[in-house]
Amino acid sequence: MKNYTLLNEFILLGIPQTQGLETLLFVVFLFIYFFTLLGNLLIFTAIVSSPTLHTPMYFFLGLLSIFDMLFPSVTCPKMLLYLSGQSSAISYKGCAAQLFFYHLLGSTEGCLYSVMAYDRYVAICHPLRYMLIMRPGVCVSLVTTACAVGCLHATILTSFTFQLVYCSSNQVDYFFCDLPAVLPLACTDSKLAQKVGSINVGFLALMLLFSVCVSYAHIGIAILRIRSAEGRQKAFSTCSAHLTAILCAYGPVIIIYLQRTPNPLLGAVVQILNNIVSPMLNSLIYSLRNKEVKRSLRRVFQSVMLHVHK
């Protein structure tokens, strides 16, 4: 038996190869984070305040806006703190919590994308039965299942990662606590945890992506069967925003966790796209490409302006 001096905190070293750029990065990420919170809050407000948007599609979109506010909030505030010159230390429990909530929110949002793809499939392929199939109880059950899958996924990864002993180096060569950065610091054998992490993340991401592809394959066939060009355009426009958001979400995940030889700089850039930029883009995608959301946002702004003038 070996005697270990256990760590009680980790030091986040930040984004690789960006020394001397802290002030610039702080300004850029602060702007992106603020715009992400503001944009998604406006979309959520527009959906809640407009009775015409109280449908299954916008119920899921409202939840997506909430997740897009919470997901970057797991990593961005701490990153902004140490970019501004504050301490980059994070407690052992804080590191575990960061890893858990990162994967909880990320995987739940991935499940939500699959649910939204299924919703579009029902709306386009079975329009007359849409409200019967996507009734409130079914929508709540789908969201509950998505949250349960996310919670199970995050619990498995966190438990396998933090059942290991960490006793020597406490320097995490990354800007937040994630599996590829934390596991190499373990004093005990981490091969099992690495395999479980890769299989778990890879399997879940590929299964969710497969479910989206199946839904959109059926949607594509249904759109091609629509005779009028106007009908095809309307059907395609309802799906294009969702498809764009899915590409922004799944691309970074597959690149990070399925690469054989991790590249720290590439991993950090892709992770930033996934953590911070993608949630901001979602607010732009859904607000600029959706006429109903734009009309509701216009009414919200008009209402705010009337209150300001009074």
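Predicted model: local features only at pLDDT ≥ 70, side-chain atom pairs only at ≥ 80, totals over all residues.
Local features require pLDDT of at least 70, side-chain atom pairs count only at pLDDT 80 or more, and totals for chains, interfaces and linings use all residues. Residues are numbered from 1 along each chain as its sequence is written, and side-chain values use heavy atoms, with hydrogens and water left out.

Strand S1 spans residues 9-12. Strands are DSSP runs of E with at least two residues, helices are runs of H or I with at least four, and both are numbered from the N terminus. The side chains of S1 alternate. Phe10 and Leu12 point to one face and are buried (under 20% relative accessible area, 1.4 Å probe, protein chains only).

S1 pairs with strand S2 (residues 89-91) in the antiparallel sense, over three bridges; pairing requires at least two DSSP bridges. Phe10 stands opposite Ile90 of S2. S1 also pairs with strand S3 (residues 171-172), here in the parallel sense over two bridges. Leu12 has Val172 of S3 as its bridge partner.

Helices H6 (residues 136-162) and H8 (residues 191-225) have axes that come within 9 Å and cross at roughly 160°. Axes are lines fitted to C-alpha atoms over the stretch in contact, with angles from 0 to 180 degrees between N-to-C directions. H6 and H8 are therefore roughly antiparallel (over 145 degrees). Contact (heavy atoms within 4.5 Å) involves Val149, His153, Ile156, Leu157 and Phe160 of H6. H8 contributes Leu192, Ala193, Val196, Gly197, Asn200, Val201 and Leu204.

Definitions and conventions:
Parallel < 35°, antiparallel > 145°, perpendicular 65-115°, else oblique. Buried < 20%, exposed > 50% of the residue type's maximum accessible area, 1.4 Å probe, protein only.
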